[in-house]
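Dear colleague,

I am passing on the structure below, and after it you will find my notes on what turned up. Please keep it open while you read.

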Amino acid sequence: MSSVITKSHFSGYLKLSRYLWQRQNGTTVDSTKTKQENLEARQKEIMARGLPKRKHIRGVKQIFLIASGKGGVGKSTTAVNLTTALKIIEPRKSIGLLDADVFGPSIPLMMNIHESPMLNRDNLMEPLVNYGVKCMSMGFLIDEKSPVVWRGLMVMSALDKLVNQVAWGPLDYLVIDTPPGTGDTHLSLIQTLFITGALLVTTPQKVALEVTRRGANMFKKMNIPVAGIVENMSTVTCPKCMTEVSIFGNATLSMAKELDVNILQKIPMHESIADSSDNGKPVVLAAPKSRQAEAYKELAEHVVTFLNKQEINKE
């Protein structure tokens, strides 16, 4: 009899201890879930405690990331032409472009800006403006020929300054040109800011698509909506017969179906796109009636349609 009483007391003690532990740690065990599911939920809670709190950039309504898994696929070219195209089709909207590639900033060249930002009365950097777009880049803060040889913490500190110590507002859209890959910069932006969505830029090559797939899965895990895919350098035009020739096949379409995202635009390979970028004037402005310019304007319209369906920061 005493053994039964002892077991009853011990069982009650365990229940009380479990209740107090749950109260102290701010978690509960769901009896309808398996032990593994409860463990995973607990792990997510612990991980969340160590993450910084996300916040809005004052005066910025929506933040849109341009990303690519692999370098050299035309991501920055897409970012520059997209932002200028947004300004063309939405002239009343205020547009910003942030070059988040600290090691290889290319926005200063492509947007033809070679000045240094000024500080306002609040000790915030004023973005530099060209073609109606507010721009900020690490390239504005260092000499053009000086390499950035920094460790991770210094890079994150620089990124924080470019994001939070700039007088961005008021802005309807802030487009962020991210570096290649799925590294610290992407995680820092996603974990500290409310990101409206992301656009994936790739070429049809298998090696580029494989890395793009990883990027798409990263955004999926971080609950960032993917607006779609831009297939860059998808075709080349024959100079004699003017026929568009596909170079790499339809591998992008297969990946898009697998990821359940749309290919928003296919940008042809054309020397005018490269030349205009090198000359500091996006092709949508340098050759506004060209097929290349029209492709970027159509892309901008798709992006606006996507953004109109997403949440807007009203702070």
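A salt bridge is counted here when a side-chain nitrogen of Lys or Arg lies within 4 Å of a carboxyl oxygen of Asp or Glu. What you have is a predicted model, in which local features need pLDDT of at least 70 and side-chain atom pairs count only at pLDDT 80 or more, while totals for chains, interfaces and linings use all residues. Residues are numbered from 1 along each chain as its sequence is written, and side-chain values use heavy atoms, with hydrogens and water left out.

**Overall picture**

The protein has 11 helices and nine strands; these are DSSP runs numbered from the N terminus, helices being H or I of at least four residues and strands E of at least two. Of its 315 residues, 43% are buried, where buried means under 20% relative accessible area, exposed over 50%, and partly exposed in between, with a 1.4 Å probe and protein chains only. If we take contacts (heavy atoms within 4.5 Å) between residues at least 6 apart in sequence, 75% of them join residues at least 24 apart.

**Salt bridges**

The whole structure contains five salt bridges. In one of them, lysine 61 pairs with aspartate 172, with 3.3 Å between the closest N and O atoms. Because lysine 61 belongs to strand β1 (residues 60-67) and aspartate 172 to strand β5 (residues 171-177), this pair ties together parts that are 111 residues apart in sequence. Lysine 61 is partly exposed, at 40% relative accessibility, whereas aspartate 172 is buried, at 11%.

Glutamate 258 and arginine 213 also form a salt bridge, at 2.9 Å from N to O. This pair links distant parts of the chain, since glutamate 258 is in helix α8 (residues 251-259) and arginine 213 in helix α7 (residues 206-221), 45 residues apart. Arginine 213 is buried, with a relative accessible area of 18%, and a network of salt bridges links Glu210, Arg213 and Glu258.

A further salt bridge joins lysine 297 to glutamate 294, at 3.8 Å between the closest N and O atoms. Both residues lie in helix α11 (residues 291-308), three residues apart, which is about one turn of the helix. Lysine 297 is buried at 15%, while glutamate 294 is partly exposed at 32%.

**The nonpolar core**

A nonpolar core is a set of buried Ala, Val, Leu, Ile, Met, Phe, Trp, Tyr and Cys residues joined through side-chain atoms within 4.5 Å. The largest one has 77 residues, and those with the most contacts inside it include Phe64, Leu82 and Trp168. The largest share of this core, nine residues, comes from α11. Leaving aside residues up to four places away in sequence, phenylalanine 64 touches several others, among them Leu82, Leu174, Val303 and Phe306.

**Backbone points to check by eye**

Most residues other than glycine have a negative phi, and most peptide bonds are trans. Here, the peptide bond from glycine 169 to proline 170 is cis, with omega near -5°, and proline 170 sits in the loop between α5 (152-164) and β5. Asparagine 112 has a positive phi, near 55°, and is placed in the loop between α4 (107-110) and β3 (128-130). Asparagine 223 likewise has a positive phi, near 60°, in the loop between α7 and β7, and at 66% relative accessibility this residue is exposed.

With best wishes
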